[in-house]
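Subject: Structure handover

Hello,

Here is the structure for your own work.

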Amino acid sequence: MKLIFCGSDLEVTGSCHLLEHNGKKYLVDCGMWQTSHFIDKRNYEPFSFNPAEIDAVIVTHAHLDHIGRLPKLMHEGFNGKIYANLATVDLTRLMLLDAVEIMRYNQKKYGDQMLFDENDVKAVGRQMVGLDYDKKHSLSQDLFFTLRDAGHILGSAWVEIDRDGKKIVFSGDIGNSHVPIVCETRPLGAIDYLIMESTYGNRNHESVENRIYLLQNAIIRAVLRGGVLMIPAFSLERTQELLYEINNLLENDLIPSVPIFLDSPLAADATDVYKKYSRYFDEAARYLVGRGDDLFKFPQLQITRTSEESKSINNISPPKIIIAGSGMMNGGRIQHHLLRYLSDNKNMLLIVAYQAGNTLGRKLLQGEKKVRIYGQEVQVKAEIKAIGSYSAHGDQNKLVEWVKGAKKTPGKIFLTHGEKEGMKALEKRLKKETGAKVVLPDYGMIVEL
């Protein structure tokens with residue numbers, strides 16, 4: 001069996017891995033490369049393989065950096081099945097249609113080329129097959145796969161490939177520990193090879209208790225000085241976690257009651273999918289749902305779906321809280337709020353998501369005092385705060401402990417989906433604590449398994 005690295009190699013986005021076995025070809029993920037301008041130019045280049053020759057795709061979860069080139073794959077000749085968890089099937093459609101809207105906006109404003117359209121998204125939907133966790137499925141007579149809960153976002157999975165008893169695992173994105181709503185990451189069994197993400201390979205998050213305190217403190221600070229608290233959040237998982245915890249803080253009178261706006265049609269639609277698949281929630285969240293609680297709805301919350309409703313937020317005097325996408329601030333409605341509010345020192349930007357290199361979010365996180373938004377130069381006077389433990393990605397400790405908990409330590413680990421500095425730090429620790437051989441593959445590298 002051959003493994004070929006076709007994306008997220010020594011970088012964070014563009015996840016794509018190709019397996020070749022007995023004349024058949026299978027992809028695990030087919031993600032988009034993302035930059036400050038939403039879509040990197042590499043997405044328009046030809047695939048490093050022939051899409052028409054791919055027999056099937058397995059999707060780990062519904063983030064664009066794992067699904068964003070599926071419509072391009074379909075458009076260029078792929079006609080096989082796309083396997084994913086049931087919740088991921090629903091979320092994939094939402095994410096891809098939202099991407100079409102962003103691309104159409106960028107086309108009108110900047111003359112950008114569309115990577116795909118609604119018809120390509122519909123084609124993806126027709127080929128998707130929804131599967132449950134922990135059930136073995138066949139790709140061929142001697143090749144099988146199983147989806148295991150990765151605890152990253154709703155429907156996320158790590159993929160276990162079984163060939164004659166030899167186990168190969170693709171981590172997808174591994175979830176953070178002790179977060180609300182989603183279950184903990186399923187432990188590894190006895191495996192031979194591991195292809196693992198390393199997004200937070202050189203960092204560890206704050207504790208859960210400290211995370212809630214930091215959120216509470218940020219809200220109180222912004223409210224007491226009459227400011228606007230802006231929280232850019234990924235529409236999947238981060239937004240739902242924030243609503244869950246803000247609701248708890250309000251119910252216990254731990255923060256002031258102020259208007260809270262969820263300014264994201266995608267997040268609102270995704271929240272509906274979360275409600276549909278509450279069986280995938282953790283025990284505590286299932287208990288609350290079972291007694292009739294709506295985890296994502298409370299009196300202070302207003303959901304703004306239309307552009308007119310979004311603009312009306314400006315008419316509400318501070319203090320107020322605005323949660324909007326995109327999480328890395330490289331598109332979406334958050335940019336409009338940043339343009340309006342970043343230059344006022346009463347306001348605060350609370351970063352709760354990973355910020356990839358060369359994105360607006362990374363520039364703000366690194367403390368740049370001038371940024372460009374919609375072609376305008378903006379002075380950054382608002383307070384910038386970050387809470388790493390709201391990330392849906394596991395930190396270095398989580399990744400290492402996940403590997404150490406395997407029933408059989410993999411003989412070889414390939415680190416992907418991370419920046420080189422983080423990969424190097426994780427490589428060093430994994431070698432020391434597991435004894436496994438660790439490889440940092442380049443794009444296009446071919447390995448015999």
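Helices (H or I, at least four residues) and strands (E, at least two) are DSSP runs, numbered from the N terminus. Two strands pair if DSSP finds at least two bridges between them. Angles run from 0 to 180 degrees between N-to-C directions, and axes are lines fitted to C-alpha atoms, for helices over the stretch in contact.

Before going on, the ground rules. This is a predicted model, with residues numbered from 1 along each chain as its sequence is written. Local features need pLDDT of at least 70 and side-chain atom pairs count only at pLDDT 80 or more, while totals for chains, interfaces and linings use all residues; side-chain values use heavy atoms, with hydrogens and water left out.

Three bridges pair β7 with β8 (residues 143–149) in the antiparallel sense. His137 has Phe145 in β8 as its bridge partner.

Contact here means heavy atoms within 4.5 Å.

Another open sheet has seven strands in the order β6-β5-β4-β3-β2-β1-β22, and its pairing is mixed. β6 (128–131) and β22 (446–448) are at the edges with a single partner strand each, so one side of each has no neighbour in the sheet. Strand β1 (residues 2–5) and β22 run antiparallel and are joined by three bridges. Ile4 has Ile446 in β22 as its bridge partner.

Helix α3 (residues 86–110) lies across β5 (81–85) and β6, at about 110° to β5. Helix α4 (residues 118–127) also lies across β5 and β6, at about 45° to β6.

Next, a helix pair. The axes of α5 and α6 (residues 238–251) come within 11 Å and cross at roughly 75°. From α5, the residues Arg211, Ile212, Leu215, Gln216 and Ile219 meet Glu241, Leu242, Glu245, Ile246 and Leu249 in α6. By class, this contact has six nonpolar, one polar and three charged residues. Ala, Val, Leu, Ile, Met, Phe, Trp, Tyr, Cys and Pro count as nonpolar, Asp, Glu, Lys and Arg as charged, and the others, Gly among them, as polar.

How many cavities of 30 Å³ or more does the structure hold? It holds two. The search uses a 1 Å grid over the protein atoms alone: a cavity is a set of points where a 1.4 Å probe fits but cannot get out, a pocket is an open set with protein on both sides within 12 Å along at least five of seven lines, and lining residues have an atom within 4 Å of a point. Grid points are joined across faces, edges and corners, and a volume is the space filled by probe spheres set on the points.

- Largest cavity: about 70 Å³. Among its 15 lining residues, His17, Ser171, Gly172, Ile195 and Thr416 are the closest to its centre. β11 gives the largest share of the lining, three residues. The lining has four nonpolar, eight polar and three charged residues.
- Second largest cavity: about 30 Å³. Leu214, Ala218, Leu350, Lys385, Ala386 and Ile387 line it. α5 (208–224) and β19 (383–386) each give two or more of these residues. The classes are five nonpolar, no polar and one charged.
- Second largest pocket: about 260 Å³. Of its 18 lining residues, Asn176, Ser177, His178, Asp395 and Lys398 lie nearest its centre. α12 gives the largest share, four residues. The lining has three nonpolar, nine polar and six charged residues.

Best regards
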